[in-house]
Amino acid sequence: MVQWLVILLSVLLPFILVPLILPSLVLVAKRKNITDAPNYRKCQRRPVSVMGGMVVVSSITTALALASLYIDLNSLFPAICMIVLLMTVGLIDDSIGMDFKVKLVIQTLVAVLLCYVGRYRITSLWTIFGIEELSPAVSCIISILTGVVIMNAINF
């Protein structure tokens, strides 16, 4: 019974923490000028706090840490580390700016590490284009390219 309660709390925790913490953090970010200013690359018209992603990622990692008391989440550890790295890169990019080439190199490194260390791979195309199973080399190449494209699509 306690196990299910902890797992349920782990699922609900981000939905509880984010609305509680985010408004206060946005006020602090505005006071301390930790904001993303509008420019030619951005859609917003006013400065926006850059701390929202940190709250979401922190809430989710806290929930996963709580869930790991009863569920083996060791296979998620590489993904969690890479998410924290990408959050840090995004925070730096939003705060002081970062060259797109550096971000692309970091995103590619993250995708490579997830493919080789975390073993997160696209192994099958489920008969799309008549292809079902992929060789390990093709699997890694497609996984890395797809990972980088998804990271940039989400960031855009």
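The following questions and answers walk through a predicted model of one protein.

User: How are the residues numbered, and which pLDDT do local features need in this model?
Analyst: Residues are numbered from 1 along each chain as its sequence is written, and side-chain values use heavy atoms, with hydrogens and water left out. Because this is a predicted model, side-chain atom pairs count only at pLDDT 80 or more, while totals for chains, interfaces and linings use all residues, and local features need pLDDT of at least 70.

User: Which element of the protein has the lowest mean pLDDT, and which the highest?
Analyst: The pLDDT is the predictor's confidence in each residue, on a scale from 0 to 100. For the protein the mean is 87, and 99% of its residues reach 70 or more. Among the elements, the lowest mean, 78, belongs to strand β1 (residues 35-36), and the highest, 94, to α4.

User: In what order do the elements of the protein run from the N terminus on?
Analyst: Helices (H or I, at least four residues) and strands (E, at least two) are DSSP runs, numbered from the N terminus. The protein has five helices and four strands. From the N terminus on, their order is α-β-β-α-α-α-β-β-α.

User: Is S49 buried or exposed?
Analyst: S49 is found in strand β2 (residues 48-49), and, leaving aside its neighbours within four places in sequence, it is in contact (heavy atoms within 4.5 Å) with V26, A29, I34 and T35. Buried means under 20% relative accessible area, exposed over 50%, and partly exposed in between, with a 1.4 Å probe and protein chains only. Because its relative accessibility is 17%, S49 counts as buried.

User: What does A111 touch, not counting residues up to four places away in sequence?
Analyst: A111 is one of the residues of the largest nonpolar core. In soluble globular proteins, nonpolar side chains tend to be buried together. With residues up to four places away in sequence not counted, A111 touches I144, V148 and M151.

User: With which residue does D93 form a salt bridge?
Analyst: A salt bridge is a side-chain nitrogen of Lys or Arg within 4 Å of a carboxyl oxygen of Asp or Glu, and by this rule the count comes to one. The closest N and O atoms of the pair formed by D93 and K103 are 2.9 Å apart. Since D93 lies in helix α3 (residues 77-96) and K103 in helix α4 (residues 100-116), the pair ties together parts that are ten residues apart in sequence. Both residues are buried, and the partner of D93 is K103.

User: How far apart in space are L9 and S135, C-alpha to C-alpha?
Analyst: L9 is found in helix α1, and it counts as partly exposed because its relative accessibility is 41%. In sequence, L9 and S135 are 126 residues apart. From C-alpha to C-alpha, their separation in space is 40 Å.

Definitions and conventions
A nonpolar core is a set of buried Ala, Val, Leu, Ile, Met, Phe, Trp, Tyr and Cys residues joined through side-chain atoms within 4.5 Å.
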